[in-house]
Amino acid sequence: RTRAVQRAGRRRTGLPVIALVGYTNAGKSTLMNALTRAGVLAENRLFATLDPTIRRVTLSPGCDALLTDTVGFLRKLPHQLVAAFRATLEEVAEADILVHVVDASQPDAEERMGAVEAVLDEIGALGKPMVIAFNKLDAVPDPAQVEQWARRTPAAVAISAKTGAGLDRLRALLAAQVDELKGRSDQ
């Protein structure tokens, strides 16, 4: 009930809600800190984030949104774990836009993307507007290969949340998504 009241309060701000989603340890909290200076715990370990954190983010002049950092997903997430992460799943389901953060340095990155998409599908959020952020550009042997991957993927960008590379492009993509949302709601 408390989370529902908090979400209703956020809706009254009129700001769109953007949820960071992705496999566990993909760099969602590091990205949250890079975009908002939130100071959330960002560690190289599973489930460093246990509760959603929400902060205001400026995407471009006059274009603000609420950004939510969420718990990372896992392949074949057990149903009892889905229940334990209800708060995150509710935040994702209620978000207006999703940023799928992908750890591009992992050899099984595409499989992890599929696992995240399966959870999103299960909670009815797969059809939401989405930007894909291929993260950890600083940790891959061939950054140009990741850049090509991002160019071949609709609404995608190669970034490093750690170094800040590509964050301006990510903000621009998100600002365009917010503008598109506003355009639909004005009709």
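Val101 stands opposite Ala133 in strand E5, where helices (H or I, at least four residues) and strands (E, at least two) are DSSP runs numbered from the N terminus. The model is a predicted one, in which local features need pLDDT of at least 70 and side-chain atom pairs count only at pLDDT 80 or more, while totals for chains, interfaces and linings use all residues. Residues are numbered from 1 along each chain as its sequence is written, and side-chain values use heavy atoms, with hydrogens and water left out.

Strand E4 (residues 97-103) and E5 run parallel and are joined by 6 bridges, two strands being taken to pair if DSSP finds at least two bridges between them. Between these strands the chain passes through helix H5 (residues 109-122), and this β-α-β crossover is right-handed; that is, with the strands pointing away from the viewer, the path from the first strand over the helix to the second runs clockwise.

How many residues of strand E5 are buried? For E5 (residues 130-135) the figure is 6 of the 6, so the strand is largely enclosed by the rest of the structure; buried means under 20% relative accessible area, exposed over 50%, and partly exposed in between (1.4 Å probe, protein chains only). Met130, Ile132 and Phe134 point one way from E5, whereas Val131, Ala133 and Asn135 point the other way, and all are buried.

E5 belongs to an open sheet of 6 strands with mixed pairing, arranged in the order E2-E3-E1-E4-E5-E6. Strand E2 (53-60) and E6 stand at the edges with a single partner strand each, so one side of each is left without a neighbour in the sheet. From one strand to the next, the twist averages 25 degrees. Helix H2 lies across strand E1 (17-22), E2, strand E3 (63-69) and E4, and runs at about 55 degrees to E2, with axes being lines fitted to C-alpha atoms, for helices over the stretch in contact, and angles running from 0 to 180 degrees between N-to-C directions. Helix H5 also packs on the sheet, where it touches E1, E4 and E5, and its direction makes about 150 degrees with that of E4.

Within H2, 7 of the 9 residues are buried, so this helix is largely enclosed by the rest of the structure. The buried residues are Lys28, Ser29, Leu31, Met32, Asn33, Leu35 and Thr36, and just after H2, Arg37 takes a positive phi of about 55 degrees. Lys28, which is found in H2 (residues 28-36), is buried yet has no salt bridge, and the nearest side chain of opposite charge, that of Asp69, is 5.9 Å away. With neighbours within four places in sequence left aside, the residues in contact with Lys28 include Tyr23, Asp69, Gly72 and Val101, contact meaning heavy atoms within 4.5 Å. Of these, Gly72 lies in the loop between E3 and helix H3 (79-84) and counts as buried at 5% relative accessibility. Gly72 and Tyr23 are 49 residues apart in sequence, but their C-alpha atoms are 4.9 Å apart in space.

Which salt bridges are present elsewhere? The whole structure holds 4 salt bridges, among them one between the side chains of Arg56 and Asp64 (3.0 Å, N to O). Arg56 is exposed, with a relative accessible area of 53%, whereas Asp64 is buried, with a relative accessible area of 19%. Another joins Arg112 to Asp108 (2.9 Å, N to O), and Asp108 is buried at 19% relative accessible area. In a further case, the closest N and O atoms of Arg171 and Asp168 are 3.5 Å apart, and both residues lie in helix H7 (residues 167-186), 3 residues apart, about one turn of the helix. Arg171 counts as buried at 19% relative accessibility, while Asp168 is exposed, with a relative accessible area of 63%.

Note on methods: Lys and Arg count as positive and Asp and Glu as negative; His and the chain ends are not counted.
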